[in-house]
Amino acid sequence: MPRRSPFRPSRPARRGLAAATVALLASVAVGCGDAGELQGAGATPTAISPDKLWPDLTPASRPAFDIGEVDTEVVKGIKVPGGDIRKVDPVAVVREEITTHPGDYAQGTYAETARRMADCGRSGAAGSRCPVLKAYYRDLTGDGHDDLTLGFRQLPGKLTAVRVYTVRKDRLVQVMAYEDAVSGVELAGRSVIIRAPSEVAGYEYRLQWTWDQQQRAMLLTHDEMLRTGGRKYPPHPSASPTSTASAPPPPSRAASSSVSASPSASSSASGR
């Protein structure tokens, strides 16, 4: 005799289930006019499967642009006494970046930042001109030791540079770099979340950089546009109807971001 599956009810059991089902339906029919009865939610939307476009298109084997997702750099000239990143002077770290990239600072776009570094460490109104922001310490890499999240103004524009540093063998290593017209920065878990204004009224950009143990760098894991609920930034005036010239589209934010140590890497703000 064939063996019955343990998950399949026997005939008597199925008869009992059928009888219970009939009784349940009868009780529902009797109580149709009772308060608290089940109500129909209406028609269920038809599920639509995704459409794969251009199935004959040859898949790309390599990216079109090198955006330096996993670039890291040892900060030369900065010592980490005892491997304690809290003993590193944040102002010295920014000065080292300015020295390493004179084309971007001393003789470049952010020359005002280089000039105002002389105000760092001074008291009063002069000290408030220092472009280096308060440093924050948190374990972002999961190794049990604090890492350094550093920000500084890129002047005379309105960009803010955000950097993350960790320590490897008593050396300071930059594992994330990004510049934008930042409206807010948060640390959450192993992530750095950067909010930036959008030219679209009522929306902002939200970028999340998360530590990746395999690449040993902060990777851009989320890049999205979110509704803020109100108009904060005036839209650009539309082109005149009589105008025949059209402006080129702005570059993609994801393609313009970089983990490269060089501040010359284009940010999305510079493309807007």
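In which loop is Ser-183 found? Ser-183 lies in the loop between strand S5 (171-180) and S6, where strands (E, at least two residues) and helices (H or I, at least four residues) are DSSP runs numbered from the N terminus. The model is predicted: local features need pLDDT of at least 70, side-chain atom pairs count only at pLDDT 80 or more, and totals for chains, interfaces and linings use all residues. Residues are numbered from 1 along each chain as its sequence is written, and side-chain values use heavy atoms, with hydrogens and water left out.

**Ser-183**
- Ser-183 is partly exposed, with a relative accessible area of 35%; buried means under 20%, exposed over 50%, and partly exposed in between (1.4 Å probe, protein chains only).
- Its C-alpha atom is separated by 9.2 Å from that of Thr-160, 23 residues apart along the chain.

**The sheet**
- Five strands form an open sheet in the order S1-S5-S4-S3-S2, with antiparallel pairing; two strands pair if DSSP finds at least two bridges between them.
- Strand S1 (73-79) and strand S2 (136-138) stand at the edges, each with a single partner strand, so one side of each has no neighbour in the sheet.
- The antiparallel strands S3 and S4 are joined by seven bridges.
- In S4, Val-164 stands opposite Thr-149.

**Helix H2**
- Helix H2 (residues 90-100) lies across S1, S2, S3, S4 and S5 and runs at about 120° to S1. Contact means heavy atoms within 4.5 Å; axes are lines fitted to C-alpha atoms, for helices over the stretch in contact, and angles run from 0 to 180 degrees between N-to-C directions.
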